[in-house]
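Me: I am new to this structure and would like to learn how to read it. Could you walk me through a few features, one at a time?

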Amino acid sequence: MKAVLYETFAQAPAVATVPDPVPEPHGVVLKVEATGVCRSDWHGWMGHDPDITLPHVPGHELAGTVQAIGKNVKNWKVGDRVTVPFVGGCGSCPECHAGHQQVCESQFQPGFTHWGSFAEYVGIHYADLNLVALPEGMSFATAASLGCRFATSFRGVVDQGRASAGEWVAVHGCGGVGLSAIMIANAVGANVIAIDIADDKLALAKDLGAVATLNAASIQDVAEAVMEVTGGGAHLSIDALGHPTTCFNSIQNLRRRGRHVQIGLMLADQATPEVPMAKVIGWELEILGSHGMQAHRYGAMLDMVRTRKLKPDRLVGREISLEESIAALTEMHRFEGVGATVVTRF
């Protein structure tokens with residue numbers, strides 16, 4: 001099959017011909033119809049993820065059709081249209097038994113623990129536990145954007161963040177994760193403030209439901225500005241970017257007993273950011289992580305998509321070819337795109 005392959009971290013990948021995957025007894029092989037280009041893929045390519053073994057094929061936001069099935073798979077057949085969370089569970093550990101596959105002790109992640117979806121085909125393990133059927137009418141490009149950014153944001157806003165109607169929600173960073181979080185928080189009735197340094201992203205954030213926007217490049221104290229707009233601070237604040245500055249601001253702009261959710265990855269030299277711990281203690285703040293979303297929780301999100309309370313298709317930006325994904329991947333640190341860039345031509 002054709003795939004994007006890199007043999008050295010931080011060196012340009014190339015399109016290569018590599019062996020087709022073979023399904024595990026409990027797994028399937030998918031024909032990739034669409035795959036998103038995500039900042040997590042960039043982190044992997046830079047060498048920030050210890051799970052990656054070279055040579056490697058990236059890609060974890062994917063949608064496609066079932067091409068081949070392992071002998072122990074019961075719930076899927078060839079031709080089924082599916083997507084998959086970017087974190088898959090084993091089904092056997094205590095966390096999986098408790099329904100928390102997103103923190104499975106033996107988790108797999110296509111594009112990290114094994115070759116991913118920047119390819120014509122990809123293998124998925126434990127298919128009966130982890131695959132999600134696509135709704136009729138949902139495009140593969142939209143479905144591919146669900147697996148990491150949108151689903152992670154849904155869990156971060158709804159399950160971990162517990163956003164509710166009338167609360168103030170601050171979202172730091174208006175890339176794919178942040179814009180998803182803004183749409184989701186608005187859909188559950190929260191008042192959303194969007195913070196970024198790019199006016200075009202802030203304009204889209206407002207169009208997606210943000211009631212206020214702040215350009216951090218022109219504000220001396222972001223946290224103080226959020227507290228002024230909200231009349232005392234955000235009830236829930238999300239770092240959707242993953243940077244020491246946005247992490248600090250997200251915690252600092254909370255009101256008393258507020259909740260911070262860290263969705264953006266913080267790796268390598270950014271893994272230990274400064275935290276205003278005195279405020280965390282004195283104001284009884286909560287600091288929470290959000291790491292993907294279990295397949296069994298997709299139903300609630302997809303129901304909101306079906307009723308058009310959520311419109312993830314609005315977050316799909318450029319659709320590109322597999323060859324073009326190399327430049328899109330290696331230039332992700334520039335944060336130049338608006339919406340999700342999705343590979344749809346293989």
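**Ile184 and its surroundings**

Reply: Let us start with contacts, meaning heavy atoms within 4.5 Å. Leaving aside neighbours within four places in sequence, Ile184 is in contact with Phe150, Ser153, Phe154, Val157, Val158 and Leu310. This is a predicted model, where local features need pLDDT of at least 70 and side-chain atom pairs count only at pLDDT 80 or more, while totals for chains, interfaces and linings use all residues. Residues are numbered from 1 along each chain as its sequence is written, and side-chain values use heavy atoms, with hydrogens and water left out.

Me: Where is Ile184 placed, and is Ile184 buried or exposed?

Reply: Helices (H or I, at least four residues) and strands (E, at least two) are DSSP runs, numbered from the N terminus. Ile184 sits in helix H5. As for burial, buried means under 20% relative accessible area, exposed over 50%, and partly exposed in between (1.4 Å probe, protein chains only). Ile184 counts as buried because its relative accessibility is 0%.

Me: What does the side chain of Asn130 reach?

Reply: For Asn130, it is the backbone oxygen of Tyr126, at 3.0 Å. Asn130 lies in helix H3, residues 127-130, and is buried at 2% relative accessibility. Besides Thr83, its contacts beyond four places in sequence include Phe108, His125 and Ala295.

Me: Which residues of helix H10 are buried, and where do they fall around the helix axis?

Reply: An arc here is that of the directions from the helix axis to the C-beta atoms. In H10 (residues 298-306), the buried residues are Tyr298, Met301, Leu302, Met304 and Val305. Seen down the axis, they fall within an arc of 155°, so they line one face of the helix. These buried residues pack against strand E5 (81-83), strand E7 (132-133), H4 and H5. After H10 comes Arg308, with a positive phi near 65°.

Me: How many cavities of 30 Å³ or more does the structure hold, and which residues line the largest cavity?

Reply: On a 1 Å grid over the protein atoms alone, a cavity is a set of points where a 1.4 Å probe fits but cannot get out; lining residues have an atom within 4 Å of a point. Grid points are joined across faces, edges and corners, and a volume is the space filled by probe spheres set on the points. The structure holds one cavity of 30 Å³ or more. The largest cavity has a volume of about 40 Å³, and its lining is made of Ser145, Arg149, Phe150, Gly176, Ser180, Pro312, Leu315 and Ala340. H4 gives the most to this lining, with three residues.

Note on methods: Polar contact = N/O pair within 3.5 Å; in protein donor to acceptor, adjacent residues only side chain to side chain. 1 Å grid on protein atoms, 1.4 Å probe; cavity = no way out; pocket = protein on both sides within 12 Å on 5 of 7 lines; lining within 4 Å.
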